[in-house]
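The structure is shown first.

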Amino acid sequence: MSERIVVVGAGMAAGRLAQELPGVTLLGDEWHPPYNRILLSAVLEGTHSPEALALATPDRADLRLGARVVEIHCEEREVELADRSRVPYDRLVLATGSIPTLPPIRGLVRMDGRLHEKVHAFRTLDDCRRLSAAVPHARNAVVVGGGLLGLQVARALSVRGLATEVVEGGEHLLRSQVGPRAGAILARDLERLGTTIYTGARAVRLDDRGLRLDNGYTLETDLVVLTAGGRPSTALARRAGLDVRRGIVVDHHLRTSDAHIHAIGDCAQRGAQVTGFVPPAWEQAGLLARHLGGEDIAYDGARTVARLRATDLDVAVLGDPERAEGQVVEVSNPIAGSHRKLVVRDGVIVAATLVGDLSRIGLITQHYDRATVLGPHEPGDLLMGDRPAAAGTVSLPDDAEVCACAGVTAGRIRACSSLEDVRSSTRATTGCGGCADAVRSLLAARSLEGTPS
Ligand SMILES: Cc1cc2nc3c(=O)[nH]c(=O)nc-3n(C[C@H](O)[C@H](O)[C@H](O)COP(=O)(O)OP(=O)(O)OC[C@H]3O[C@@H](n4cnc5c(N)ncnc54)[C@H](O)[C@@H]3O)c2cc1C
């Protein structure tokens with residue numbers, strides 16, 4: 001009899017695992033099959049329908065929705081659901097994601113433990129629908145947190161016509177991923193839409209007069225959206241006695257301290273690293289599928305590549321550009337809204353930030369991955385020239401990565417016959433969608449090559 005593989009969570013990592021291992025059981029507490037969380041702000045903005053977010057789930061997967069796991073019984077190898085029923089497993093995979101952090105603002109939570117009626121979280125499709133339904137009845141909104149989620153939500157609300165204000169405790173936007181110059185370009189971009197940004201300010205109290213900040217301002221508002229970050233969802237693992245630090249600790253087989261239990265995605269921690277982005281979550285899901293299929297794997301932690309996505313806003317971060325040691329080569333063009341930065345050590349790119357203009361992302365990622373030793377002029381040359389997004393893509397070598405979310409190379413794209421073929425056989429373009437232009441150019445160049453002259 002084949003092994004019973006049960007997954008707790010039916011989010012982006014679980015969905016990817018099910019695509020690779022079609023016979024698994026997914027227990028998800030949301031009422032929706034796996035969907036693309038990255039595009040929630042596009043639903044809020046109105047450019048995508050909720051249906052367009054669905055991720056393909058094989059018919060053979062046993063998908064149980066509204067199924068919240070409340071306990072893991074390690075000895076019996078069973079999980080217990082909220083309705084007290086039990087599901088047995090041979091291998092359990094924890095893919096419980098992360099939970100939003102509640103900032104310390106007085107008045108946010110009511111006496112009955114529920115959020116104040118003006119306050120919204122933004123993690124799930126249901127959160128998105130609730131917020132979207134409230135927009136037509138509101139004139140203004142405050143977004144608490146100027147990170148990735150905050151930028152996406154503020155953009156969507158501004159486009160929907162609300163006077164939107166962002167409150168960020170740090171000195172600039174997206175401060176966990178980018179430096180002050182890139183932060184300023186992102187701010188200018190939002191301000192063009194009419195958004196007001198308060199940096200270096202914290203919201204401290206919500207009352208009848210509005211949201212009070214620690215700098216003395218009170219922002220009158222109809223809606224407050226919480227986007228102040230998240231932390232790995234570990235309560236279940238902790239109660240089961242698994243080794244948990246910030247995330248659920250896993251080894252090079254993505255296995256927890258219990259040999260029958262694995263963890264992937266936002267909830268997992270390998271070494272000192274917890275991730276929080278789709279590319280590593282999908283990389284881990286792909287590797288674990290191979291491992292559960294009988295292959296040996298050695299996962300040493302994610303190559304940190306993050307593509308952040310909102311309409312007209314493209315950001316890519318390789319490694320940790322704000323903390324990596326090395327010489328910094330930087331080009332900022334606030335007029336065009338682009339910023340590019342490389343951190344180079346001994347001729348090798350050890351980190352990079354690209355905001356606005358991602359035309360060189362393929363080449364830069366390739367040098368970063370291969371640790372290519374560059375000549376003295378090459379880092380500068382790599383950053384020059386605002387080009388259309390897909391320029392330079394056509395000449396990429398076959399092993400250069402084009403889709404960071406699904407880890408797909410130019411060669412694999414060239415081997416496909418159409419965009420549909422690319423989507424179904426490689427899953428490129430189905431994550432953040434940031435590679436779509438590059439994929440189209442590669443396909444176009446391929447069909448031109450195939451056209452007899
Ligand atoms: C609005 C938004 C925008 C984002 N934008 C980007 C972006 O541009 N780029 C990027 O790389 N990343 C982005 N992210 C982060 C990205 O979505 C996550 O890294 C990714 O979803 C991680 O996948 P996961 O499966 O680990 O977690 P999730 O996709 O969060 O799935 C976890 C699932 O497990 C369920 N669950 C938890 N506990 C239980 C339980 N006890 N029983 C049953 N089910 C349970 C949760 O409800 C959830 O459905 C964004 C996230 C959000 C919320």
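Met12, Ala13, Ala14, Gly15, Arg16, Leu17, Ala18 and Gln19 are the buried residues of helix H1, where buried means under 20% relative accessible area with a 1.4 Å probe, protein chains only. The model is predicted: local features need pLDDT of at least 70, side-chain atom pairs count only at pLDDT 80 or more, and totals for chains, interfaces and linings use all residues. Residues are numbered from 1 along each chain as its sequence is written, and side-chain values use heavy atoms, with hydrogens and water left out.

Helices (H or I, at least four residues) and strands (E, at least two) are DSSP runs, numbered from the N terminus. The buried residues of H1 pack against the following elements, with contact meaning heavy atoms within 4.5 Å.

| Element | Residues |
|---|---|
| Strand S1 | 5-8 |
| Strand S2 | 25-27 |
| Strand S7 | 91-94 |
| Helix H7 | 278-292 |

## Domain 1 and domain 3

An automatic or database assignment gives domain 1 (5-99 + 231-292), domain 2 (119-228) and domain 3 (311-448). The contact takes 11 residues from domain 1 and 8 residues from domain 3. The C-alpha centres of these two domains lie 29 Å apart. Across their interface there is 1 salt bridge, defined as a side-chain nitrogen of Lys or Arg within 4 Å of a carboxyl oxygen of Asp or Glu. H1 and H7 are the elements that give two or more residues to the side of domain 1 that touches domain 3.

Terms used
Buried < 20%, exposed > 50% of the residue type's maximum accessible area, 1.4 Å probe, protein only.
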